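Here is a brief report on one protein chain.

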Amino acid sequence: MTLYNHRTGQRWIITAWPELYGWGVGAERLKYRFQWTFPIMFSRHDPDVLYVCSQHLHRSTNLGASFEAVSPDLTRNDPEKLKASGGPITRDNTGAEVYCNIFALAECPQEADVLWAGTDDGLVHISRDTGKTWREITPPDLPEWALISVIDVSAHQAGAAYVAATRYKLDDCKPYLYKTTDYGESWTAITNGIPEREFTRVIREDPNRRGLLYAGTETGIYVSFDDGENWRRMRGNLPVCPIHDLVIKDRDLVVATHGRSFWILDDLSPLHQAQGELHAGNALLFAPAPKVRMRVYYTFGGWDSSYPADTVDFGRIDTSVVAFVNRADSDRPQLLNAGANPREGIVFWYCLAGETDEAITLNIRSADGGLIRSYSSAADGELSAAAGINRFEWNMRYPGAVAVDGVDGWWERPDGPLLVPGEYVAELVVAGESCRQRFEVRADPRVEATAEEYEQQFEMLLAIRDRLSQNNELINKLLRLRRQVETWAARSDDDALQAAGKEIAAEVEGRLPELINVGFTESQLYASGLHEKFNALFESVDSADYAPPQQAREVFAQLSDELDGQLNYARADLGETVADFNARVRELGLEAVDLL
């Protein structure tokens with residue numbers, strides 16, 4: 001065991017008993033029997049207290065400069081189990097074979113003086129005076145010589161704890177899980193639903209919900225919503241592999257496998273809220289977990305866009321049937337691999353009791369009820385209307401600018417500004433019934449922007465988006481005008497009408513390059529128009545969490561003046577030309593164009 005100094009790079013060996021041991025001899029020769037992976041734990045109540053375990057519990061209050069044994073031998077200390085591994089001929093003793101030691105250690109989160117210890121030879125002890133005295137509390141129906149793999153002390157109730165044990169090394173592959181609520185005075189076996197030969201390595205209680213348990217076995221993960229009364233396997237793309245440990249970090253389940261890396265189920269919120277089976281016709285929107293507004297930067301371009309809706313094969317919420325996330329582009333449920341970046345958006349989970357023929361809608365609203373954005377299952381690829389639990393991820397952005405008809409390229413902006421940190425409301429509408437949940441968007445704690453600066457940035461981005469929309473609407477009107485005029489001119493032999501049409505088409509052709517780069521796909525051969533300039537300004541102001549710089553405000557004012565000039569031209573000068581064209585159209589008994 002070493003103490004590493006990050007500043008100096010020095011590694012100080014602070015092994016509790018640094019005598020070379022275990023090589024070629026049995027554990028009977030050792031003063032302290034430290035197993036290959038012995039427990040190491042700092043006290044959650046006193047960060048100066050460090051615990052390590054041999055057959056005794058050792059404590060240091062000076063970062064390993066000294067240790068004291070604060071327990072007797074808590075193991076069976078069976079001499080027959082302490083002899084040299086492999087016998088006198090094929091000795092195999094490297095320290096991994098040391099038996100009769102403390103394998104699991106836990107400290108009560110509510111009471112600083114309560115410690116729990118479990119051994120690899122099947123005993124459980126408790127101390128309620130910080131190690132001065134110990135009492136054996138082994139579950140009475142646990143067979144001898146079981147390995148106490150994990151003790152998980154409840155975060156919700158003092159005196160409550162869970163134990164996971166294994167006996168597979170004795171050719172017993174049964175699951176052994178127990179719970180107590182009275183400091184080990186009594187125990188209840190809790191394995192209903194776990195197969196007879198699915199031995200258990202770890203059990204953890206979710207600190208966010210009392211009685212929500214996760215168990216890791218030799219082949220996967222099981223979940224219980226009722227404090228272990230019933231278990232169901234968590235289906236998903238997690239490989240069939242031994243689950244050696246589980247940790248709940250905030251609202252994420254971190255999974256340590258043996259041989260298949262680390263995995264993360266990145267949002268447990270639906271499990272925290274699952275309370276019972278939904279009746280037919282009902283729908284449930286789960287309250288989203290608070291989301292930090294965090295920017296993730298990529299090494300190559302493209303505007304931000306909404307994530308596609310994902311679905312989950314949880315089945316009905318009967319407090320037992322559970323699966324991981326089903327991506328829309330995959331036929332297998334997905335966990336988030338530990339090496340992936342966090343999602344930028346906020347995840348909404350909702351459950352439908354059955355299929356519905358009517359479109360379902362998810363509305364995102366401000367705290368006062370104002371509509372920010374709306375998504376519908378009627379729109380292809382937005383919301384899933386499948387029975388069971390579904391997932392939709394939203395990138396936390398307002399709607400973007402009006403698109404230019406027929407333009408599908410780099411400068412499209414389907415999304416507007418990010419939400420400012422604050423409180424919001426999600427509303428799921430199914431068959432006329434509305435289900436609402438409040439959610440919170442939090443500021444990135446690393447960012448120094450004030451609430452006023454967030455608001456200033458948001459207001460300017462909205463203004464840029466709106467002016468970009470005006471510009472794009474004008475482009476669309478001019479393009480439609482040109483098509484209409486050319487269509488009428490082609491249908492008539494009237495020279496005056498054709499001449500007026502050519503004049504309008506020429507004016508449109510001359511104005512478009514000032515509004516948009518008509519040759520965008522041909523690289524730098526054509527100049528940027530207002531379309532590209534407003535988009536670039538948006539990107540500039542939106543690049544980080546700061547109030548808009550003064551130069552951005554000045555550029556916005558300049559571009560706005562240019563756009564106002566284009567709009568005035570379209571209403572006045574071009575409007576007169578269109579009026580002349582329409583007068584001739586009416587003389588010929590045709591329908592006038594009225595796009596401007």
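## Largest pocket

The lining of the largest pocket splits by class into 17 nonpolar, six polar and eight charged residues. The model behind these values is predicted. The pocket has a volume of about 1,000 Å³. In total, 31 residues line this pocket. Nearest its centre lie Gln-35, Thr-37, Phe-103, Leu-147 and Ser-149.

Which elements give two or more residues to the lining? They are strand 3 (40-42), strand 7 (102-107), strand 11 (147-153), strand 12 (161-167), strand 15 (200-205) and strand 19 (243-249). Strand 11 gives the most, with four residues.

Strands of a sheet pair through backbone hydrogen bonds.

How many bridges join strand 13 to strand 14? Two bridges do, and the strands run antiparallel. Strand 13 spans residues 172-180. Tyr-178 stands opposite Ala-189 in strand 14.

## Nonpolar cores

The largest nonpolar core has 36 residues. Inside this core, Ile-464, Phe-534 and Phe-581 have the most contacts. The elements that give two or more residues are helix 2 (451-491), helix 3 (495-515), helix 4 (530-541), helix 5 (550-571) and helix 6 (573-587). Helix 2 supplies the largest share, 11 residues.

A second core is separate and has 30 residues. Among them are Leu-212, Leu-238, Cys-241 and Leu-265.

## Around Phe-534

What does Phe-534 touch, leaving aside its neighbours within four places in sequence? Its contacts are Ile-464, Arg-467, Leu-468, Phe-556, Leu-559, Ser-560 and Leu-563.

## Ala-489 in helix 2

Ala-489 is found in helix 2. Is this residue buried or exposed? Ala-489 counts as buried because its relative accessibility is 14%, and the cut-off for buried is under 20%.

Ala-489 and Ala-500 are 11 residues apart in sequence. In space, their C-alpha to C-alpha distance is 8.7 Å.

How values were computed: Residues are numbered from 1 along each chain as its sequence is written. This is a predicted model: local features need pLDDT of at least 70, side-chain atom pairs count only at pLDDT 80 or more; totals for chains, interfaces and linings use all residues. Side-chain values use heavy atoms; hydrogens and water are left out. On a 1 Å grid over the protein atoms alone, a cavity is a set of points where a 1.4 Å probe fits but cannot get out, and a pocket is an open set with protein on both sides within 12 Å along at least five of seven lines; lining residues have an atom within 4 Å of a point. Grid points are joined across faces, edges and corners, and a volume is the space filled by probe spheres set on the points. Ala, Val, Leu, Ile, Met, Phe, Trp, Tyr, Cys and Pro count as nonpolar, Asp, Glu, Lys and Arg as charged, and the others, Gly among them, as polar. A nonpolar core is a set of buried Ala, Val, Leu, Ile, Met, Phe, Trp, Tyr and Cys residues joined through side-chain atoms within 4.5 Å. Buried means under 20% relative accessible area, exposed over 50%, partly exposed in between (1.4 Å probe, protein chains only). Contact means heavy atoms within 4.5 Å. Two strands pair if DSSP finds at least two bridges between them.
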